[in-house]
Amino acid sequence: MNRVYVCNCFGVTEDQVKKHAGDGACTPRQIASACKAGTDCGSCVRRIQALLGREACPRRELVEKGRPALTGDPNARVELPEAA
């Protein structure tokens, strides 16, 4: 099995990053929350950004529509606070 490591500090592979992205992680910070990649030396953050690309992010689209990004109910509404 040929594994391409993105994060050597935590042994995270490209396939793992792609899986987390497929599960809804849209940013390096969300990838870090899912698997710790990018939280130690930080040298992999640019590679993670490249893997995530600039494709549409379903979670971001939900938030922009006022819907919760982390629930299973796509019809739920979220009240966003007014800017001060």
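Me: Why does Asp23 count as exposed?

Reply: The relative accessibility of Asp23 is 55%, and since buried means under 20% relative accessible area, exposed over 50% and partly exposed in between (1.4 Å probe, protein chains only), Asp23 counts as exposed. This is a predicted model, in which local features need pLDDT of at least 70 and side-chain atom pairs count only at pLDDT 80 or more, while totals for chains, interfaces and linings use all residues. Residues are numbered from 1 along each chain as its sequence is written, and side-chain values use heavy atoms, with hydrogens and water left out.

Me: What makes the pair of Asp23 and Lys19 a salt bridge?

Reply: The term asks for a side-chain nitrogen of Lys or Arg within 4 Å of a carboxyl oxygen of Asp or Glu, and the side chains of Asp23 and Lys19 meet at 2.6 Å, N to O. The structure holds three salt bridges.

Me: Which salt bridges does Glu14 form, with Lys18 and with Arg47, and at what distances?

Reply: With Lys18, the closest N and O atoms are 4.0 Å apart, whereas the side chains of Glu14 and Arg47 meet at 2.3 Å, N to O. Glu14 lies in helix 1 and Arg47 in helix 3 (residues 45–52), so this pair ties together parts that are 33 residues apart in sequence; helices here are DSSP runs (H or I) of at least four residues, and strands are runs (E) of at least two, numbered from the N terminus. Glu14 and Lys18, by contrast, both lie in helix 1, four residues apart, about one turn of the helix.

Me: Why is Glu14 called buried?

Reply: Glu14 has 16% relative accessibility and therefore counts as buried, while Lys18 at 45% counts as partly exposed, as does Arg47 with 38%. Salt bridges that share partners join Glu14, Lys18 and Arg47 into one network.

Me: How do you know that helix 1 and helix 2 are roughly perpendicular?

Reply: Helix 1 (residues 14–22) and helix 2 (residues 28–35) pack at an angle of about 110°, with their axes 10 Å apart. Angles under 35 degrees count as roughly parallel, over 145 as roughly antiparallel, 65 to 115 as roughly perpendicular and the rest as oblique, so the two helices are roughly perpendicular to each other. Their contact (heavy atoms within 4.5 Å) is made by Val17, His20 and Ala21 of helix 1 and Ile31, Ala34 and Cys35 of helix 2.

Note on methods:
Axes are lines fitted to C-alpha atoms, for helices over the stretch in contact, and angles run from 0 to 180 degrees between N-to-C directions.
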